[in-house]
Amino acid sequence: MSTALVLGGGGVAGIAWELGVLDALANAGVDLRAADRIIGTSAGAAVGAQLRTDESLESLCARQLVPASQSAELQVESSLDALIEQFAACFDGAPDEIEVRRRLGGVALAAPTVEESARLAVIESRLSSHEWSDRELLVTAVDAFTGEFKVFDRNSGVALVSAVAASCAVPGIWPPVTIGDSRFIDGGVRSGTNADLAEGCDIVVVVAPFAGGFGPTVEVEAAALREQGAIVEVIAADGGSTEAFGTNVLDPATRGPSLREGRRQGTIEVERIAKVWL
């Protein structure tokens, strides 16, 4: 039976939390990194790319505990409240989802951010290998000019670091990433998980820091996959995990608490996930 692991967005807090969940499951004998297909959106793209390297989960988790001052991670200085207002305005009178995404792309293209090269350096630092794995990894992004949804993989002719950086390019926070003749933004502006890309897989586990966001909710996507015959289990952040995320999931200081809560929640989920995965 074919398996898929879907990893959703959630900032640096989400990266740490997802790694904590996966580490706890693996320590109990449920190794989700063995999935036939890994689908990563935003934070999930970074984690998915990490899982497709030879670096151990133990090492990946340990890196979440390195102080921000000793890592390549950047501190966000933007006003999240103002950003939310900009996002909300993109929906006013928009005829369809593509237009909303195009407008979000406009926000991203106009926003003052760090240089693209500085952001790429952050993504490079997160990955112990900058080459695509032979095992299937799908990385989601959106064209900032057209709003078109794009899925990158090892056959796309796009550098892994660029693909992951594009998927993580939160509009208004991080610069859109140049790929070919266009620029790309966060795949999460289409869906927080893009779990529909797991279509055709028999068993799907979704690890999502947030159940909502742009596009359909995780449960709506999971229900659609179940209707197609897949067995689907969702691990979404509970109250304790959400509290660890704090008010700014892009703050590197959230990584330690989020990792800890991810491990706690992963331990709780072992029996349920083992029943389908094993």
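**Chatting through a predicted chain**

Colleague: Hi! Where does valine 170 sit?

Modeller: Valine 170 is in the loop between helix 7 (160–167) and strand 5 (177–179). Helices (H or I, at least four residues) and strands (E, at least two) are DSSP runs, numbered from the N terminus.

Colleague: What kind of model is this, by the way?

Modeller: It is a predicted model, in which local features need pLDDT of at least 70 and side-chain atom pairs count only at pLDDT 80 or more, while totals for chains, interfaces and linings use all residues. Residues are numbered from 1 along each chain as its sequence is written, and side-chain values use heavy atoms, with hydrogens and water left out.

Colleague: Thanks. Back to valine 170: buried or exposed?

Modeller: Valine 170 counts as buried because its relative accessibility is 18%. The cut-offs are under 20% relative accessible area for buried, over 50% for exposed, and partly exposed in between, with a 1.4 Å probe and protein chains only.

Colleague: Let's zoom out. How many helices and strands are there?

Modeller: The chain has 10 helices and 8 strands.

Colleague: Why would you say the radius of gyration agrees with a compact globule?

Modeller: Because a compact globule of 278 residues would have a radius of gyration near 19 Å, and this chain has 17 Å. That radius is taken over C-alpha atoms, and the globule rule is 2.2 Å times the number of residues to the power 0.38. Along the principal axes, the C-alpha atoms fill a box of roughly 45 × 45 × 35 Å.

Colleague: What share of the residues is buried?

Modeller: Buried residues are 55% of the 278. As for the surface, the chain exposes about 11500 Å², and carbon and sulfur atoms supply 51% of that. The areas come from the Shrake-Rupley method with a 1.4 Å probe, and for residues, only the protein chains shown count as cover.

Colleague: What about the range of the contacts in sequence?

Modeller: Taking contacts between residues at least 6 apart in sequence, 77% join residues at least 24 apart. A contact here means heavy atoms within 4.5 Å.

Colleague: Which residues have the most contacts inside the largest nonpolar core?

Modeller: They are Leu5, Leu32, Phe152, Val164, Val204 and Val206, in a core of 88 residues. Helix 1 (residues 11–27) gives the most to this core, with 8 residues. Such a core is a set of buried Ala, Val, Leu, Ile, Met, Phe, Trp, Tyr and Cys residues joined through side-chain atoms within 4.5 Å.

Colleague: What does phenylalanine 152 touch?

Modeller: Apart from neighbours within four places in sequence, its partners include Trp132, Leu138, Val158, Ile179 and Phe184.

Colleague: New topic: which loop holds threonine 193?

Modeller: Threonine 193 is in the loop between strand 6 (182–186) and strand 7 (203–208). Threonine 193 counts as buried because its relative accessibility is 1%. Beyond its neighbours within four places in sequence, threonine 193 is in contact with Val6, Gly8, Ile39, Thr41, Val206, Ala208, Val218 and Glu221.

Colleague: And asparagine 194, what is its phi?

Modeller: Asparagine 194 has a positive phi of about 50 degrees, although it is not a glycine. Most residues other than glycine have a negative phi. Asparagine 194 lies in that loop between strand 6 and strand 7, and it is buried because its relative accessible area is 0%.

Colleague: What about phi at serine 42?

Modeller: Phi of serine 42 is near 55 degrees, a positive value in a residue other than glycine. Serine 42 sits in the loop between strand 2 (37–40) and helix 2 (43–51), and at 9% relative accessibility it counts as buried.

Colleague: Last stop, helix 9. Is serine 241 buried or exposed, and what about glutamate 243?

Modeller: Serine 241, in helix 9 (residues 239–245), is buried with a relative accessible area of 0%. Glutamate 243 lies in helix 9 too, yet it is exposed, at 67%.

Colleague: What does serine 241 touch?

Modeller: Not counting residues up to four places away in sequence, serine 241 touches Trp17, Glu261, Arg264 and Gln265.
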